[in-house]
Amino acid sequence: TLRVQMRQELLALQRRLGLTTIFVTHDQEEAMSTADRMAAAEYVKLDADIADAAAKAGTLAGLCERYEAHKLPTWSPSTADAKVRHLKAIRADLGHHRLDQLTAEHVDGWYAVLRKRGLGEQSVKHYATTLGAVLRQGERWDKATMRAHRNATPPKPAKVPVRVPPAPVVALLMSTATGALRVALALAAFVGARRGEIMGLRWSDFDGHQLTIRRSVLDRNGR
């Protein structure tokens, strides 16, 4: 019949384009022949999920979810750990605000909350940077504006001077170290390699004349 032919055409088109489709029908045979998953038994939950998604659509929480899905594949593991933590805090503390109603006062209040939780000014700045990135992406998508972030009072961490150990201290460390530790200290002192970069070195990174740093090892919650 024409109905069956149309159903087959729509199903082929959906699969060819890779689209996720909600197909509403009262025909059980049609549902069983068409759907990969059926939601008839979970109608109440499905209805609640749709309502929840609609409620989040214009909020900062909804934008954060879209931003995370968009950016997560491009982040390194260490960056992802930090950004996901920041986004979780943003959703929990500011996520209920509609994007068109978010103000600099809301943002300044959030900075104050982070400080009360014991975060230092440098850490607050990292959270602020992530919030700014979310709103900037929202601006590109015509979903938000940077105004609230731009007009808020930015965190101002104190500048910590870099203290380079004097040559006698380095010489003393080198004289007392042996084996792999001595090599690691030499790389840190004379090449400027970081701890994770030193731990990630392989013999294949050295061609007899030049050492190339290609990777870094990091500790992700003991892993």
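User: Before we start, what does "exposed" mean here?
Analyst: A residue counts as exposed when its relative accessible area is over 50%, and as buried when that value is under 20%. Anything in between is called partly exposed. One thing to keep in mind is that this is a predicted model.

User: Okay, so is Asp-207 buried or exposed?
Analyst: Asp-207 counts as exposed, because its relative accessibility is 54% and the cut-off is over 50%.

User: Where does Asp-207 sit in the chain?
Analyst: Look in the segment that comes after helix 11, which covers 195-199.

User: And what does the side chain of Asp-207 reach?
Analyst: Two backbone nitrogens. The side chain of Asp-207 reaches the backbone nitrogen of His-209 at 2.9 Å, and it reaches the backbone nitrogen of Gln-210 at 2.6 Å.

User: Nice. Let's zoom out: how many helices and strands does the chain have?
Analyst: There are eleven helices and zero strands. Going along the sequence, the pattern reads α-α-α-α-α-α-α-α-α-α-α.

User: How much of the chain is buried?
Analyst: Of its 223 residues, 26% count as buried.

User: What about contacts between residues that are at least 6 apart in sequence?
Analyst: Of those contacts, 50% join residues at least 24 apart in sequence.

User: Now the helices. How do helix 9 and helix 10 pack?
Analyst: Helix 9 (residues 167-176) and helix 10 (residues 179-191) pack at an angle of about 160 degrees, and their axes are 9 Å apart. That makes helix 9 roughly antiparallel to helix 10, because angles over 145 degrees count that way.

User: Why give both an angle and a distance?
Analyst: Because two packed helices are described by the angle between their axes and by the distance between those axes.

User: Is the crossing left-handed or right-handed?
Analyst: Helix 9 passes helix 10 in a left-handed crossing.

User: Which residues meet there?
Analyst: From helix 9 you have Val-170, Leu-173, Met-174 and Ser-175. They meet Arg-182, Leu-185, Ala-186, Ala-189 and Phe-190 in helix 10. The residues of this contact divide into seven nonpolar, one polar and one charged.

User: Let's pick Leu-173. How exposed is Leu-173?
Analyst: Leu-173, which is found in helix 9, is partly exposed, with a relative accessible area of 43%. That value falls in between the under 20% cut-off for buried and the over 50% cut-off for exposed.

User: Last one: how far apart are Leu-173 and Ala-186?
Analyst: In sequence, Leu-173 and Ala-186 are 13 residues apart. In space, the C-alpha to C-alpha distance between Leu-173 and Ala-186 is 9.6 Å.

Technical notes:
Residues are numbered from 1 along each chain as its sequence is written. This is a predicted model: local features need pLDDT of at least 70, side-chain atom pairs count only at pLDDT 80 or more; totals for chains, interfaces and linings use all residues. Side-chain values use heavy atoms; hydrogens and water are left out. Helices (H or I, at least four residues) and strands (E, at least two) are DSSP runs, numbered from the N terminus. Buried means under 20% relative accessible area, exposed over 50%, partly exposed in between (1.4 Å probe, protein chains only). A polar contact is a pair of N or O atoms within 3.5 Å; within protein, one must be able to donate a hydrogen and the other to accept it, and residues adjacent in sequence count only if both atoms are side-chain atoms. Axes are lines fitted to C-alpha atoms, for helices over the stretch in contact, and angles run from 0 to 180 degrees between N-to-C directions. Angles under 35 degrees count as roughly parallel, over 145 as roughly antiparallel, 65 to 115 as roughly perpendicular and the rest as oblique. A crossing is left-handed if the near helix is turned anticlockwise from the far one by less than a right angle, and right-handed if clockwise. Contact means heavy atoms within 4.5 Å. Ala, Val, Leu, Ile, Met, Phe, Trp, Tyr, Cys and Pro count as nonpolar, Asp, Glu, Lys and Arg as charged, and the others, Gly among them, as polar.
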